[in-house]
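Good morning. I will take one structure today and go through it piece by piece. Please have the picture open while I talk.

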Amino acid sequence: MLKSFQILGCSGGVPTQDRGVSSLIISTADFDIMIDCGEGTYLNWQRQGCKWKHLHYIFITHLHPDHCGGLIPLLFYRKLYGITNPLTLVGPPDLESFVLQGFRLFNTSIKQEIRWINIEETPRGNLKSGIAFQAEEMVHKIPCWGYRISDSEKNIVFVTDTLPNENAVKLAENADVLIHEATFTHDNRVKAREHYHSTQLQAMEIADKAKVQRLILTHFSQRIKDSELNEWQWNGQPCVVFNKRQIL
Ligand SMILES: [Zn+2]
Ligand SMILES: [Zn+2]
């Protein structure tokens, strides 16, 4: 059963003193799913009281450092803590070699039971306890996937980094929660296009088209101030929650 979610980092590209780079925790009744593990995620994850014994799955959207730069350190700390329960890593085709080569170049062993799911080959499937996942490819500078995590009643969709696209609409169709990137404000939409990102209004259009219940925005340029983000609303509801835990 899906219970809650918490954005651990909502900064795009570069972290700031107050905003970490991309990571999201989805908590089910039995375990946690992390999506993205940007640099610095470990401390943000620990600060929120998350526990190794609950972390059973890590999904990675794409291999830009603000989305996976914290993964090898997190796995290294996991090894040092002696955590041995199986962990499943889901992501782009190069994820496995990225992690294994990283450990090799650090000259250290991974010493953990890791199961790998290449999302290009297996774009949908079942996790434990009746939780399912589905992925759709996004439109970014490098291969990138959006994810939908569902139980029998609810679902949550995470879409970052991408230009607005029809696969995002398809993935988010009738979702309870869509978490979508909004790297730029709409007056910077030309820049957003050049960098293969979305603006807040484009994310809102995706939410409209997909008829989602709730839209949450993330992956902000550091130029956008908290005071401005606090004013963003979609369907009469605020759509920026920073790192506050949200009940599903
Ligand atoms: Zn990014
Ligand atoms: Zn990116």
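I start with a definition: a residue counts as buried if 20 or more other C-beta atoms lie within 10 Å of its own. One caution before using it: this is a predicted model.

Now take helix α7, residues 200-210. Which of its residues are buried? They are Gln200, Gln202, Ala203, Met204, Ile206, Ala207 and Ala210. As a general point, an α-helix has 3.6 residues a turn, so residues three or four places apart point the same way. In α7, Ala203 and Ala207 are both among the buried ones.

Next, the core. In soluble globular proteins, nonpolar side chains tend to be buried together. Here the largest nonpolar core has 64 residues. Those with the most contacts inside it are Leu24, Ile26, Val157, Ala172, Leu178, Ala207 and Leu215. The largest share of this core comes from α7, which gives five residues.

Leaving aside neighbours within four places in sequence, isoleucine 26 is in contact with Leu2, Phe5, Asp32, Ile33, Ile35, Ile149 and Ile156. Strand β2 covers residues 23-28, and five of its six residues are buried.

So much for single residues; now the strands. Strands of a sheet pair through backbone hydrogen bonds, either parallel or antiparallel. In this model there is an open sheet of seven strands, with mixed pairing, in the order β6-β5-β4-β3-β2-β1-β15. Which strands are at the edges? They are β6 (114-118) and β15 (246-247), and each pairs on one side only.

Let me walk along part of that order. Strand β1, residues 2-9, runs antiparallel to β2, and six bridges join them. Here serine 4 stands opposite serine 27 in β2. On to β3, residues 32-37: β2 and β3 are antiparallel as well, with five bridges. Leucine 24 has isoleucine 35 in β3 as its bridge partner. A hairpin of three residues joins β2 to β3.

Strand β4 (residues 55-59) and β5 run parallel, joined by three bridges. Phenylalanine 59 stands opposite valine 90 in β5. Strand β5, residues 87-91, then pairs with β6 in the parallel sense over five bridges. Two of the facing pairs here are threonine 88 opposite arginine 115 in β6, and glycine 91 with asparagine 118 as its bridge partner in β6.

Last, a pair of helices. At what angle do α3 (residues 71-80) and α4 (residues 95-105) pack? The angle is about 65°, and the axes are 10 Å apart. The crossing of α3 past α4 is right-handed. On the α3 side the contact is made by Leu71, Ile72 and Leu75, and on the α4 side by Val99, Gly102 and Phe103. Five of these contact residues are nonpolar, one is polar and none is charged.

That is my tour.

Terms used:
Residues are numbered from 1 along each chain as its sequence is written. Chains are lettered from A and ligands numbered from 1 in the order in which they are written. This is a predicted model: local features need pLDDT of at least 70, side-chain atom pairs count only at pLDDT 80 or more; totals for chains, interfaces and linings use all residues. Axes are lines fitted to C-alpha atoms, for helices over the stretch in contact, and angles run from 0 to 180 degrees between N-to-C directions. Helices (H or I, at least four residues) and strands (E, at least two) are DSSP runs, numbered from the N terminus. A crossing is left-handed if the near helix is turned anticlockwise from the far one by less than a right angle, and right-handed if clockwise. Two residues are in contact if their C-beta atoms, placed from the backbone, lie within 7 Å. Ala, Val, Leu, Ile, Met, Phe, Trp, Tyr, Cys and Pro count as nonpolar, Asp, Glu, Lys and Arg as charged, and the others, Gly among them, as polar. Two strands pair if DSSP finds at least two bridges between them. A residue is buried if 20 or more other C-beta atoms lie within 10 Å of its own, exposed if 12 or fewer, and partly exposed in between; C-beta atoms are placed from the backbone. A nonpolar core is a set of buried Ala, Val, Leu, Ile, Met, Phe, Trp, Tyr and Cys residues joined through C-beta atoms within 7 Å.
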